[in-house]
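Here are my notes on this one, as numbered points. Have the model open while you read.

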Amino acid sequence: MGRTISNGCAGWLAALRANAWPDRLRVRVIALYMLIAYVPMMGHVYRDAVGHVGSDFLAFWGAGRIVAAGIPWDVFDLATERAAQAASHTGQMVAYVNPPPYLFLTWPLGLLPYAQAWLIWALGGWLIWFAVARRVLPHEPLAVLAYPAAFLAGCHAQNGFITGALLIGGVLAVARNTRRSDIVAGLLFGALVIKPHLALLVPLWLIAARRWRVLGAGAASAALLCLASLVVFGPATWAAWPTGLHVDAVLMAQTSGPFFLRMATPYALLRVTMGPSVALAGQAAISFATAILLWRIARQQGATAATGALMLAATAIASPYLFSYDFPFLIQPTLWLVAQAQRLGWRAWEKPALIMLWLAPLATRSAALPLHANLMPLAGLALVCVVLSRLPGAQSTISGWSGAVSAGNSPDARGSLNTST
């Protein structure tokens with residue numbers, strides 16, 4: 001019996017190494033099962049959100065009610081927010097901290113009952129993101145729709161769908177490289193002024209690739225959104241915005257509790273395990289290293305879907321303030337790798353690795369509190385390495401990464417390629 005089990009394990013490992021399992025049909029079935037599982041899970045989350053647990057969405061809905069009442073500058077006043085959110089009857093309050101241009105999105109939400117607005121925001125955002133993200137790999141819609149990071153964004157009724165659609169849509173538009181698509185890309189990237197730390201590497205990528213038209217359109221888009229919010233919501237709203245950031249400052253000053261376990265950045269992981277000073281220095285070093293890496297690659301290869309995948313993967317570890325619901329944009333580098341493998345052949349262990357990276361946002365978030373460590377930064381680093389290994393000529397461009405990159409392009413590695421999908 002022991003020999004049978006040993007042979008079975010060896011056969012299973014051989015199948016995984018050769019990417020013989022799972023095949024395309026099984027991947028679609030797994031994605032379908034996950035979608036089916038999401039339904040009762042989302043139902044449970046919705047009951048909590050409209051019950052006495054509340055939701056992050058309270059901040060957006062409450063801000064919408066305040067804007068609709070004609071006092072947009074008070075969206076950053078905690079007492080006014082508490083009064084506005086009291087109409088949800090959840091007994092909870094979540095502070096609103098986003099920049100004034102974000103109020104264009106929250107305004108209509110305040111005109112709806114809380115429970116109805118939650119559903120429209122969460123499910124409508126999911127569909128908008130899906131409509132954009134499915135273009136990365138059009139023949140695998142279930143793998144896109146069931147992406148675990150999307151589920152997390154839906155559960156929190158957060159803005160990861162909107163920012164994800166903007167980032168993915170911008171990268172896809174840049175890759176088309178036409179005058180019209182450059183303008184579209186700039187408009188999408190500029191709209192990230194609603195959550196600018198997610199666009200941390202976008203300007204660097206565009207400057208390195210000399211895509212001045214996209215950069216100019218992005219700057220114009222961001223400036224126009226800011227100007228429009230100044231006109232519509234008034235200068236008092238902009239003047240009040242810094243007071244709202246005090247909430248973030250209080251949260252970041254915590255020395256214990258689950259806040260840094262819910263954060264999914266190198267800073268948070270180092271903060272929990274090694275303290276604030278090491279965390280700050282470590283995040284600075286990682287952000288600087290990823291910026292240099294992206295600069296050198298984009299300088300050589302330009303702004304393409306490939307270097308866009310690197311830029312988005314690197315964003316997951318370069319930005320110091322991200323949560324798991326921010327990661328719907330990681331579907332682009334993940335499925336770009338799948339597309340490359342389907343076109344050029346799978347390398348040993350690549351399919352199991354990509355499945356684990358696909359699952360990583362949800363898996364690391366679920367394990368963070370029990371492990372007392374959020375391991376998503378390690379998954380982000382792995383994603384960067386795998387994308388690098390698929391970039392042509394990357395091993396000669398970045399000497400420090402040559403070992404990891406050349407392993408996927410060595411004669412032995414090329415010999416292990418297969419076309420299993």
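1. C226 has a relative accessible area of 22%, so it counts as partly exposed (buried is under 20%, exposed over 50%, partly exposed in between; 1.4 Å probe, protein chains only). C385, at 24%, is partly exposed too. A search of the whole structure turns up zero disulfides, meaning pairs of cysteine sulfur atoms within 2.5 Å.

2. A word on the source: this is a predicted model, where local features need pLDDT of at least 70, side-chain atom pairs count only at pLDDT 80 or more, and totals for chains, interfaces and linings use all residues. Residues are numbered from 1 along each chain as its sequence is written, and side-chain values use heavy atoms, with hydrogens and water left out.

3. Take F57. Beyond its neighbours within four places in sequence, F57 is in contact (heavy atoms within 4.5 Å) with L109, Y114, A117, W118, W121, H156 and A157.

4. Now the helix pair. In α3, F57, L58, F60 and W61 meet Y114, A117, W118 and W121 of α6. The residues of this contact are eight nonpolar, no polar and no charged, with Ala, Val, Leu, Ile, Met, Phe, Trp, Tyr, Cys and Pro taken as nonpolar, Asp, Glu, Lys and Arg as charged, and the others, Gly among them, as polar.

Note on methods
Helices (H or I, at least four residues) and strands (E, at least two) are DSSP runs, numbered from the N terminus.
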